[in-house]
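Please look over the sequence and the structure below. Then read the short report that follows.

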Amino acid sequence: MKRTFLTLAALAGVGLTAAPALAAVPAAPAADAVGGGTAYILNTLLFLIGGFLVMWMAAGFAMLEAGLVRAKNTSTQCLKNIGLYSIAGLMFWVIGYNIAYPSFAEDSLGLIGGFTGIYSMQEVGAADLDTGYSVASDWFFQMVFCATTASIVSGTVAERVKIVPFFIFVTILTGVIYPVVVSWEWGGGYLDSVHGFSDFAGSTLVHSTGGWAALMGAIIIGSRVGRYGKDGQVNVFPGTNIPLATLGTFILWLGWFGFNGASQLAMGTVGDVSDVSKIFVNTNMAAAGGVVVAIILTQVMYKKADVTMALNGALAGLVSITAEPLAPSVGQSILIGGVGGVIVVFAVPMLDKFKIDDVVGAIPVHLFAGIWGTLIVAWTAAPDAGVTFMGQLVGVLLTAVWVSGASAIVWLALKYTIGVRPSEEDEVNGLDKAEIGVEAYPEFART
Amino acid sequence: MKRTFLTLAALAGVGLTAAPALAAVPAAPAADAVGGGTAYILNTLLFLIGGFLVMWMAAGFAMLEAGLVRAKNTSTQCLKNIGLYSIAGLMFWVIGYNIAYPSFAEDSLGLIGGFTGIYSMQEVGAADLDTGYSVASDWFFQMVFCATTASIVSGTVAERVKIVPFFIFVTILTGVIYPVVVSWEWGGGYLDSVHGFSDFAGSTLVHSTGGWAALMGAIIIGSRVGRYGKDGQVNVFPGTNIPLATLGTFILWLGWFGFNGASQLAMGTVGDVSDVSKIFVNTNMAAAGGVVVAIILTQVMYKKADVTMALNGALAGLVSITAEPLAPSVGQSILIGGVGGVIVVFAVPMLDKFKIDDVVGAIPVHLFAGIWGTLIVAWTAAPDAGVTFMGQLVGVLLTAVWVSGASAIVWLALKYTIGVRPSEEDEVNGLDKAEIGVEAYPEFART
Amino acid sequence: MKRTFLTLAALAGVGLTAAPALAAVPAAPAADAVGGGTAYILNTLLFLIGGFLVMWMAAGFAMLEAGLVRAKNTSTQCLKNIGLYSIAGLMFWVIGYNIAYPSFAEDSLGLIGGFTGIYSMQEVGAADLDTGYSVASDWFFQMVFCATTASIVSGTVAERVKIVPFFIFVTILTGVIYPVVVSWEWGGGYLDSVHGFSDFAGSTLVHSTGGWAALMGAIIIGSRVGRYGKDGQVNVFPGTNIPLATLGTFILWLGWFGFNGASQLAMGTVGDVSDVSKIFVNTNMAAAGGVVVAIILTQVMYKKADVTMALNGALAGLVSITAEPLAPSVGQSILIGGVGGVIVVFAVPMLDKFKIDDVVGAIPVHLFAGIWGTLIVAWTAAPDAGVTFMGQLVGVLLTAVWVSGASAIVWLALKYTIGVRPSEEDEVNGLDKAEIGVEAYPEFART
């Protein structure tokens with residue numbers, strides 16, 4: 001999803017990637033060229049469609065999480081999700097975008113960028129033709145990625161974080177922590193220029209970033225009251241509304257066509273739109289692979305097909321293919337997504353062994369599958385793309401260090417100042433009563 | 001959203017708004033031009049995408065309202081919503097569209113249009129190139145706006161109106177009352193030609209119209225049984241399903257990108273698609289402003305962050321920016337939406353003081369924020385656009401007089417003929433038993 | 001939705017259907033032409049947008065069915081739906097697509113096609129310009145139709161089929177049974193070449209195919225425990241969550257714009273995009289007709305407006321118009337959809353007389369309305385299209401014979417080998433406990 005500065009050649013309508021195919025019809029090459037104005041419109045349209053699909057993922061996370069928490073915390077989870085999406089938009093406007101796409105300080109190796117002010121758009125009716133797309137559409141598309149990162153965190157730390165500290169964390173995550181990671185790769189910084197790191201749509205930049213922030217939250221905040229017994233047993237707190245979680249998963253799956261497909265960043269040439277189409281197919285098949293593997297594994301291991309594992313299998317498949325959804329064959333995509341399904345089935349119980357309380361399974365889905373998806377790019381990328389396992393590993397590790405470190409500092413600062421957790425009594429009664437004053441299901445819930 | 005008759009110049013591919021930008025690349029102006037056929041397709045595609053996004057808002061209203069009524073009235077609310085969307089489509093076809101876009105009678109000042117027959121489309125495979133877009137796509141896009149107007153009413157008067165009188169009201173609202181308002185502005189009538197009234201996507205034409213019709217309904221029908229006690233106390237009837245209301249809000253937010261963005265009415269030039277992109281950003285940021293303000297205000301005032309206020313804050317932000325989503329800067333958009341959030345937090349309890357029983361808060365969201373959004377255009381519009389505060393006020397007042405008057409007559413006529421309310425016993429037992437025969441949650445609800 | 005091989009003339013930008021309209025602007029014919037590259041992009045974009053809208057229908061079926069089963073089987077229904085969508089994608093890749101679009105054996109009359117291997121896409125950045133669209137986008141669009149067919153079955157046979165046999169049936173349905181039907185018509189086989197059979201978007205190919213497979217399942221599997229009493233009385237098992245079913249219906253309605261609209265298969269000419277627009281309008285109006293007729297009929301017959309009938313009325317209207325959503329006038333579309341509403345209201349109780357237990361009403365909606373929609377094309381199709389009542393009837397009957405026969409064999413084979421039903425005790429306790437281990441609503445349900 002690196003920001004592309006299209007050349008005038010591209011604006012003149014000569015699709016570079018389509019050139020070989022064009023050569024096959026030598027008699028009428030002009031017929032397949034796309035004019036620069038038309039390409040500008042189509043590139044912009046891709047950002048707008050991709051943008052609204054990824055915005056819709058905010059609803060997907062909200063439903064997934066609302067379905068997987070207990071009834072007494074559901075209103076809180078709804079509020080957190082609509083609030084974090086709003087905060088992400090505001091912060092990505094005020095500072096985020098221009099941290100993500102900075103002018104890097106000299107001799108900084110592309111590690112330290114300069115903040116260049118609040119994001120601004122052109123005048124009404126004006127258009128910057130040099131970019132090849134509307135800058136506002138680009139901002140919109142990038143903003144919804146920023147919001148996705150925050151959505152990942154809210155699921156893991158659900159049911160035991162108060163609203164105010166949660167929103168403060170989101171403010172810093174979306175304003176600073178995430179944009180810095182982006183600057184290193186899509187902003188043309190260290191990972192991109194020094195290591196040839198490749199992350200097409202954000203397995204590391206978005207999903208692992210959210211995952212590390214969530215993991216630090218889970219560790220520092222601690223587990224929910226009563227979750228882990230003295231004898232090491234894990235008390236299951238079943239989700240309150242499985243159809244809602246299913247709906248959320250379908251929404252996320254739908255949104256992912258925008259997430260990965262529009263990360264092609266252009267559809268103003270026949271080659272680009274063909275690649276977007278391939279990304280749609282690969283994205284879908286990786287998710288399908290994750291679902292089928294998760295169903296088969298749970299059926300074989302437990303003699304039951306755990307529906308929450310199937311849902312998380314879909315998501316893990318999607319996260320896994322996100323680092324490179326274009327280059328793999330369909331078969332490779334199914335395999336990559338299928339391994340995502342394996343990760344979920346084994347990692348979810350494993351986290352409980354370490355008493356890391358991840359309410360919705362976001363750490364296996366977004367962090368572990370994100371790492372897997374990033375590393376496997378070394379296998380699937382085109383040989384001449386310069387992607388190496390070591391380069392990918394550096395990207396994973398640098399993100400780990402920065403996001404974990406920064407997130408830990410923020411969570412700890414919150415913990416020892418205003419506090420992050422409600423009183424145990426409030427937690428047992430549910431956050432909805434203590435924090436929101438509106439029960440989610442006042443006529444249904446027995447608690 | 002005024003209907004534009006594109007000139008042949010536009011069809012020839014010279015984007016007017018893009019002209020200044022084009023001047024910056026003098027060597028290759030032709031490269032940025034878009035051919036007339038391509039522009040026609042892209043304009044039509046904008047209507048189709050915008051249209052299906054606004055159609056989806058019908059589901060958003062259905063979920064919002066189903067989540068905020070009590071369980072015993074939920075099936076009825078679902079039926080009303082799918083029914084009103086269907087009726088709106090039929091009525092806008094039979095008479096609505098051609099009332100909205102009439103030939104005005106001479107000397108009528110553009111107030112009294114003539115009904116020119118049932119809407120008709122071109123033959124299969126034919127296209128009216130003079131319009132610059134498919135007339136069927138335009139009709140579809142306009143129709144879903146008409147349906148939105150009716151959706152607003154159903155929320156306010158929920159839980160105490162029988163199905164048949166409700167559907168009769170919807171029939172007249174979508175067939176006559178709303179189209180007449182549209183004719184005055186988007187149809188080129190009185191408000192447009194005499195007062196320079198400006199309402200880009202319908203803060204007044206759609207949202208205030210729905211709001212006035214809802215207000216008259218709430219007053220004439222009266223409040224729900226038991227809602228207001230003798231001593232002036234307000235009995236809270238909490239919504240039955242907050243995640244559903246949250247989902248509805250996210251659906252509406254998503255749909256609003258079509259509502260406002262496609263009201264640009266064209267994306268066949270680089271200038272137009274850039275403007276659509278700006279509208280996406282401003283629309284999103286106004287909603288974000290509404291959410292954050294509503295959360296902060298309720299947190300400060302009540303020490304709790306009321307989730308329904310946050311949801312309505314998003315919607316009020318969206319309604320506020322709808323009258324002019326293009327001209328404001330991002331900062332102005334946040335401010336305009338934020339004021340929408342303030343309006344909701346203060347107006348919802350205020351209505352209860354007047355014993356106006358608005359089940360979902362549609363009157364603050366759609367009427368009050370709609371008026372605010374319309375008036376503030378006098379500040380944000382381009383100086384040479386000719387928008388004045390007085391012109392905007394005339395539009396607000398004329399809509400108020402016409403819609404309130406016409407709606408009151410219809411509600412009163414229904415009240416004194418077939419009756420609008422169920423028996424008190426039926427209302428207490430819930431409309432689902434009396435009117436539908438299908439309970440919404442037969443295995444859950446305790447009532 | 002027949003696969004079109006665009007000619008070079010079309011690639012050169014001369015929209016055939018737009019020709020008459022172009023003639024009206026003789027001075028500047030070139031201005032309305034669309035270049036081949038642009039047309040390729042727009043055709044591909046139509047498949048992508050249509051594809052993600054139809055993919056979203058998988059969520060619609062999931063919600064509709066989750067809302068209409070009882071709470072104790074809801075998790076199972078969610079799992080079945082996400083599983084079947086995944087399996088459909090895998091099978092349509094491995095064998096389905098290339099069975100659907102085969103090279104027919106000589107002297108086979110276009111009945112017996114040859115399987116030509118796993119589907120494969122072009123290289124990254126490459127594009128097959130001869131097709132006029134990206135082959136990957138076409139595959140994606142066709143795949144989601146395959147998945148829809150399977151979704152129809154899961155609703156009818158809900159609440160009494162175990163997961164494993166259900167998924168095996170889906171595997172064969174999506175890999176073989178459905179693709180063979182497609183080969184006869186959209187693949188250019190027997191029905192298309194010999195009988196001039198016409199099925200624009202799949203009233204027969206998709207909906208009746210799903211319906212026949214569902215009907216065979218309902219008969220062979222048998223009815224749910226306790227559904228039909230000894231004295232012929234029908235015990236009503238009310239759906240557990242009506243708003244969810246309503247949401248599902250709205251999702252399906254939205255998705256249908258992609259289902260029918262993108263089955264135009266092209267929007268690279270002004271004529272094509274105008275036709276897509278007409279399809280949007282007709283599709284919407286047929287659904288509206290189905291809703292209004294179902295509401296009026298149930299209100300008149302039972303003095304109550306049954307919400308599930310209204311929802312199924314919308315779906316029946318949509319299925320009815322799917323065989324020919326372009327040629328009818330708006331008025332014809334309303335009529336055709338309205339008859340769909342009649343079919344639902346009368347057929348749902350009729351099936352119970354025959355003790356055919358169709359949990360969600362999928363057989364009336366998809367099979368009966370599908371047959372109606374297919375036959376009525378003989379009336380609405382253009383006179384020179386060569387569509388005859390007999391040709392349509394042959395298509396209906398051949399599909400009936402093949403799908404019923406093949407489905408019956410598979411269901412019977414499953415029944416007499418691994419078994420299809422859970423034990424009666426498991427069924428009474430609910431499939432969620434026996435098969436999934438995760439209850440859908442652990443805090444709500446009373447059972």
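## How the copies are related

In this predicted model, chain A superposes on chain B by a rotation of 120 degrees. The shift along the axis is 0.0 Å, and the RMSD is 0.0 Å. The two copies are therefore related as by a three-fold rotation axis. Which residue of chain A has its C-alpha nearest the axis? That residue is Phe444(A), and its C-alpha lies 3.2 Å from the axis. The copies use different surfaces, because a contact here needs C-beta atoms within 7 Å, and 5% of the contact residues of chain A recur in chain B.

## Where chain A meets chain B

The contact takes 57 residues from chain A and 60 residues from chain B. Which helices of chain A each supply at least two residues of the side that touches chain B? They are helix H3 (36-68), helix H4 (74-100), helix H5 (135-156) and helix H17 (431-436). The largest share of this side comes from H3(A), with 17 residues.

What classes of residue make up the side of chain A that touches chain B? There are 36 nonpolar, 18 polar and three charged residues.

## Where chain C meets chain B

This contact takes 60 residues from chain C and 57 residues from chain B. Several helices of chain C each supply at least two residues of the side that touches chain B. They are helix H2 (19-23), helix H3 (36-68), helix H9 (242-261), helix H10 (270-302), helix H11 (307-322) and helix H12 (330-353). H10(C) gives the most to this side, with 17 residues.

By class, the side of chain C that touches chain B has 40 nonpolar residues. Another 13 are polar and seven are charged.

## Two residues with positive phi

Most residues other than glycine have a negative phi. Leu265(B) is not a glycine, yet its phi is positive, at about 70 degrees. Where is Leu265(B) placed? It sits in the loop between helix H9 (242-261) and helix H10 (270-302) of chain B. Is Leu265(B) buried or exposed? Leu265(B) counts as buried because it has 22 C-beta neighbours inside 10 Å, and the cut-off for buried is 20 or more.

Glu159(C) is a residue other than glycine with a positive phi, near 75 degrees. Its place is in the loop between helix H5 (135-156) and helix H6 (163-185) of chain C. Glu159(C) has 24 C-beta neighbours inside 10 Å, so it counts as buried.

## A loop residue in chain B

Ser120(B) is found in the loop between strand S2 (113-114) and helix H5 (135-156) of chain B. How many other C-beta atoms lie within 10 Å of Ser120(B)? There are 14, so Ser120(B) is partly exposed.

Compare the position of Ser120(B) with that of Trp212(B). They are 92 residues apart in sequence. In space, they are 31 Å apart, C-alpha to C-alpha.

Note on methods. Residues numbered from 1 in each chain as written. Chains lettered and ligands numbered in written order. Predicted model: local features only at pLDDT ≥ 70, side-chain atom pairs only at ≥ 80, totals over all residues. Helix = DSSP H or I, 4+ residues; strand = E, 2+ residues; numbered from the N terminus. Buried ≥ 20, exposed ≤ 12 C-beta atoms within 10 Å, placed from the backbone. Contact = placed C-beta atoms within 7 Å. Nonpolar A, V, L, I, M, F, W, Y, C, P; charged D, E, K, R; others polar. Least-squares fit on C-alpha atoms with pLDDT ≥ 70 in both.
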